[in-house]
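Please keep the sequence and the structure in view while reading.

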Amino acid sequence: MCGIVAYIGDKPAREILIEGLKRLEYRGYDSSGIAILNESSYIAKAVGKVAVLEGRVRSDHPEGVVGIAHTRWATHGRPTEANAHPHCDCSGRILLVHNGIIENYQTLKRRLESQGHQFRSETDTEALAHLIESHYEGDFESAVQKALLQVQGTFGIAALHRAHPNEIFVARRGSPIILGVRDGEALAASDVAALARHTDRVVYLEDNEVAKLERGQFSIATLEKRAVRREARAIEMDAESLDCGAFPHFMLKEIFEQPEAVENALRGRVNPSEAVSKLGGLESVRERLEQARHLIIISCGTSFYAGLYARYVFEALTDLTVETELASEFRYRKLNIRQNTVVLAISQSGETLDTLAALREARRKGALVLGLVNVVGSTISRETHAGIYSHAGMEIGVASTKSFTTQITVLALMALLMGRSRDLSYEEGLALIHGLEEIPSQMRQVLAQNERIRELAAKYSKAEHFLYIGRKYQYPIALEGALKLKEVAYIHAEGYAAGEMKHGPIALIDPAFPTMALAPEDGSYDKIVSNIQEIRAREGKIVALTTAGNTRLAGLVDDLIEIPRTKDILSPLLSVIPLQLFAYHCAVLRGCDVDKPRNLAKSVTVE
Ligand code: G6P
């Protein structure tokens, strides 16, 4: 989604801001813009890639060591240059970039227009620029604070004033802002990726705080003007994750990083001698976890499918009643949360607005709220009672891959932890640990089939539609496989519980509507073979994924993909990989922008 970079220092701001915007491209955007303070204040905007903006800035070569920049993901108003940020007040002296949504902008805009303010864009953000102008009486900080107190909705902002060329104000409510300072310079961004090249220590703003950036220093205050002191913390990111190295795309690199990511997610977290998992982040809430009766898992997108998987796993390993719910639905339900209800929010970014709002609602109602998050220090990780990191490492491709498999790994560890304090036996616990420990090397065997899967993609990439079917542990994987194909290859794909086939999807089957059938030799194998027979009888093409060595499907399906044998409960960790690779290769063959699919954002910070 939208991204912000701000810089004040002694170097040309254009280089640092454009480089920062490039680091934010992965989040998804449709236009971009930059403002640099110099004698006349320079503004440039462009629709489409940051490279277009970069070209303009390179040829204009603006001087200036103070500036702000933005990538926009349209919410209010089309992706045009007029709607791209920065936005200005009437005088053109106040320059503003904004992430989030100003919910009361129409009321504010009407009032400001009646006072004579002239609007030039269709955005909600412009109202804030004029609102700051209406409060400005020589004290920029105070005008920013007063304006933000009148705003309903969410914001991360960076603002400049030509009369105050030695300061930048940034503020947040519900949309991240991170500060980085080094000798003679200060930076801010909405994502640590834009700061990692410049500093290794950062400060996270909290909601309703404003920070003043000056050369080499910053100060933080609340909107009510109470001063805040906050220590800097180390950035947990290796610079390597910002480049795709020998791989043509981040998505492929991240698919191939999965064995190592799962190793990291497991490291130091299993104790085979007692057949338990050790999750330090949950230590502080151990008693409440032991008393828990009811688990509700909330999340969005791919993280929601990890949550669906978790429902089966927790039901298998514990005696908890488990519900999995889309965060966007959960937050508006009437909730019956009791003292022994645990709510688990799953999120790669830790910033997804619906997930955050849902966990706040659960917390308000008295639930123990836990997080399974990838981005260290993110808002969700800070707002839960306790939690665990998935340790996937930074994920840049918009389509989630290694985040999903590390989420699944950690969910299995959590279920093991809770199961072993209930009635899960030592033998069962130990078998799960042994299974998990084998997964990274088994993943490598699956990845070795990359070329074969590319050939399959070449055979099927012209399909207009695809059906994905699976049962039990493979049902969430069918949904995730279909999502991958939709989001990166723009092929219409539907994931279905195979048992639902006869209730609708089978009507679609014909020789031009292929099916991906997830059929490892598990407890549901015979049932899914019946579904395969039904598709075959209607001349549907079938690609089946099964366990290595299973010869029973040959002759029944058109193409076979094999995965190594593992416990049923862990097979999603292997079966999802060919589906990720299949979607990736289809996307490349169809000429799609794999790492930045159209209309999508890596982190969805609006409702
Ligand atoms: C966006 C991303 C998805 C992700 C979803 C949830 O839609 O494109 O890849 O699964 O948000 O994000 P989260 O960060 O909460 O896991």
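How far is an oxygen atom of the ligand from an N or O atom in the side chain of Ser 303? In this predicted model, the distance between an oxygen atom of the ligand and an N or O atom of the Ser 303 side chain is 2.5 Å.

| Residue | Part of the residue with the N or O atom | Distance to a ligand oxygen atom |
|---|---|---|
| Ser 303 | side chain | 2.5 Å |
| Thr 352 | side chain | 2.5 Å |
| Ala 601 | backbone | 2.8 Å |

On its own the ligand has 380 Å² of accessible area, and the protein covers 90% of that area. Around the ligand there are 13 residues, of which Ser 303, Ser 347, Gln 348, Ser 349 and Thr 352 come nearest. Helix 9, which spans residues 301-317, contributes the largest share of the shell, namely three residues.

The second topic is the packing of two helices. Helix 1 (residues 13-24) packs with helix 2 (residues 50-60) at an angle of about 170°, and their axes are 10 Å apart. Because angles over 145 degrees count as roughly antiparallel, helix 1 is roughly antiparallel to helix 2. On the side of helix 1, the contact is made by Arg 14, Glu 15, Ile 18, Leu 21 and Lys 22, which meet Val 50, Leu 53, Glu 54, Val 57 and Arg 58 in helix 2. The residues of this contact comprise five nonpolar and five charged, with no polar ones.

Two features of the backbone remain. His 61, found in the loop between helix 2 and strand 4, has a positive phi of about 50° although His 61 is not a glycine. Pro 86 has its place in the loop between strand 4 (66-72) and strand 5 (87-88), and the peptide bond that leads from His 85 to Pro 86 is cis, with omega near 0°.

Notes
Residues are numbered from 1 along each chain as its sequence is written. This is a predicted model: local features need pLDDT of at least 70, side-chain atom pairs count only at pLDDT 80 or more; totals for chains, interfaces and linings use all residues. Side-chain values use heavy atoms; hydrogens and water are left out. Axes are lines fitted to C-alpha atoms, for helices over the stretch in contact, and angles run from 0 to 180 degrees between N-to-C directions. Helices (H or I, at least four residues) and strands (E, at least two) are DSSP runs, numbered from the N terminus. Angles under 35 degrees count as roughly parallel, over 145 as roughly antiparallel, 65 to 115 as roughly perpendicular and the rest as oblique. Contact means heavy atoms within 4.5 Å. Ala, Val, Leu, Ile, Met, Phe, Trp, Tyr, Cys and Pro count as nonpolar, Asp, Glu, Lys and Arg as charged, and the others, Gly among them, as polar. A residue is near a molecule or strand if one of its heavy atoms lies within 4 Å of it. A polar contact is a pair of N or O atoms within 3.5 Å; within protein, one must be able to donate a hydrogen and the other to accept it, and residues adjacent in sequence count only if both atoms are side-chain atoms. Accessible areas come from the Shrake-Rupley method with a 1.4 Å probe; for residues, only the protein chains shown count as cover.
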